[in-house]
Amino acid sequence: MQRRMLNNGVEIPSIILGTSICDRQCFSRFGNYVSDKVLFKQMSDGMIYAIKNGVTGIDTGRDYNNESLLGKIFNELFRNNIAKREELFITTKVGNGQQRLRDMEKEIDISLKAMNLDYVDLWMLHWPLPDFYIENWKQLCKIYKSGKVKSIGMANIRERHLLELEQAGVELMPQVVQVECHPFRTITGLREMCKTRNIQVEAYTANCAMLPFVRENLVLQQLAQKYGKSITQIIMRWHVQQGVVPIFSSNNPSHIKENVDVFDFSLSEEDMQLIFGLNIDYKYHPESVNCPGY
Ligand SMILES: NC(=O)c1ccc[n+]([C@@H]2O[C@H](COP(=O)([O-])OP(=O)(O)OC[C@H]3O[C@@H](n4cnc5c(N)ncnc54)[C@H](OP(=O)(O)O)[C@@H]3O)[C@@H](O)[C@H]2O)c1
């Protein structure tokens with residue numbers, strides 16, 4: 001898997017595997033309970049398969065309720081020499097409930113303990129929680145120096161939040177910003193702003209969950225035919241080619257393999273622009289349910 005370099009010299013994989021699907025499935029997706037044992041097997045099988053197919057980036061967050069399951073999986077991966085710690089790029093996030101407690105040092109220790117890790121590669125504020133995020137961000141800047149986190153970032157932000165951080169005179173700006181981004185939500189303003197500040201953008205829900213309107217989109221269908229690739233591969237390539245790091249989730253081995261197998265072709269500039277032209281500012285995940293005032 002190709003890597004990109006963050007502005008602090010830390011390397012980040014070009015494509016990352018998300019894990020929120022494992023929380024959703026447990027609590028709401030099918031409306032039924034899945035035991036930890038079943039979830040562990042499902043998650044570890046998916047992750048081992050992904051790693052064997054070149055994935056080294058794993059994204060989670062405290063609010064996905066799976067940090068401790070991931071900790072058990074990491075133990076297995078390291079013990080069985082499936083991956084070495086230094087080969088993986090592991091991200092977790094501080095949720096709003098934890099932000100309200102205003103003690104970030106305590107929160108990183110809880111996450112590290114749950115995941116059986118000495119450090120995470122990227123630690124993020126999950127939301128720009130009004131009245132909390134600037135002070136909590138200042139704490140993240142201090143913890144960054146301790147080595148417990150190799151880089152720091154913020155998810156679900158808009159341009160105005162970056163400006164607010166600058167105006168607050170914070171020691172460090174986010175090295176990574178994680179937002180929903182796909183061909184139907186291209187967030188041009190934020191991407192341009194991040195470019196001028198050398199901030200890496202990560203795109204979550206990178207495939208727009210392959211909703212029917214995505215699968216049926218004529219432009220994407222024609223591009224898939226033209227390049228002899230699937231629609232998902234066209235979308236993932238579009239992200240990678242513009243220097244954005246896409247994050248997808250899947251429990252389906254053939255989907256995992258397909259989503260990361262995008263390094264043997266390039267989209268023409270004209271076709272890149274055709275995809276940008278699909279933007280309708282569509283948001284799959286609710287805008288503000290987790291963050292009033294967002
Ligand atoms: N920071 C935040 O607030 C935030 C919010 C949302 C998500 N995220 C992160 O981003 C990750 C991805 O987000 P997401 O799950 O919303 O988006 P997603 O990956 O776009 O959507 C997942 C859905 O897409 C399907 N899918 C994936 N690859 C496919 C393929 N090649 N063909 C057909 N269907 C495919 C999966 O089904 P199958 O299982 O059948 O493949 C699954 O139902 C999360 O796990 C999380 O780590 C972060």
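## Tyr64

Tyr64 is buried because 22 other C-beta atoms lie within 10 Å; a residue counts as buried if 20 or more other C-beta atoms lie within 10 Å of its own, as exposed if 12 or fewer do, and as partly exposed in between, with C-beta atoms placed from the backbone. Tyr64 sits in the loop between strand E4 (57–59) and helix H3 (67–79). Helices (H or I, at least four residues) and strands (E, at least two) are DSSP runs, numbered from the N terminus.

UniProt lists Tyr64 for "active site" in an unreviewed entry. UniProt positions are given in the numbering used here, feature names are shortened, and annotations may be inferred rather than shown by experiment.

## Basis of the model

This is a predicted model: local features need pLDDT of at least 70, side-chain atom pairs count only at pLDDT 80 or more, and totals for chains, interfaces and linings use all residues. Residues are numbered from 1 along each chain as its sequence is written.

## Overall fold

The protein chain has 13 helices and 10 strands. Its radius of gyration is 18 Å, close to the 19 Å that the globule rule gives for 294 residues, so the chain is as compact as a globular protein of that length. The radius is taken over C-alpha atoms, and the rule is 2.2 Å times the number of residues to the power 0.38. Of the 294 residues, 42% are buried.

In strand E9 (residues 200–204), five of five residues are buried. Gln200, Glu202 and Tyr204 lie on one side, Val201 and Ala203 on the other. In a regular strand the side chains alternate between the two faces of the sheet.

E9 pairs in the parallel sense with strand E8 (residues 176–180) over five bridges; two strands pair if DSSP finds at least two bridges between them. Val176 stands opposite Gln200 in E9. E9 also pairs in the parallel sense with strand E10 (residues 245–248), over two bridges, and Glu202 stands opposite Val245 in E10.

## Ligand shell

The ligand is surrounded by 27 residues, the closest being Gly18, Tyr204, Met210, Ser249 and Ser250. A residue is near a molecule if its C-beta atom, placed from the backbone, lies within 6 Å of it. Helix H1 (20–29), E10 and helix H12 (253–260) each supply at least two residues of this shell, and H12 gives the largest share, three residues.
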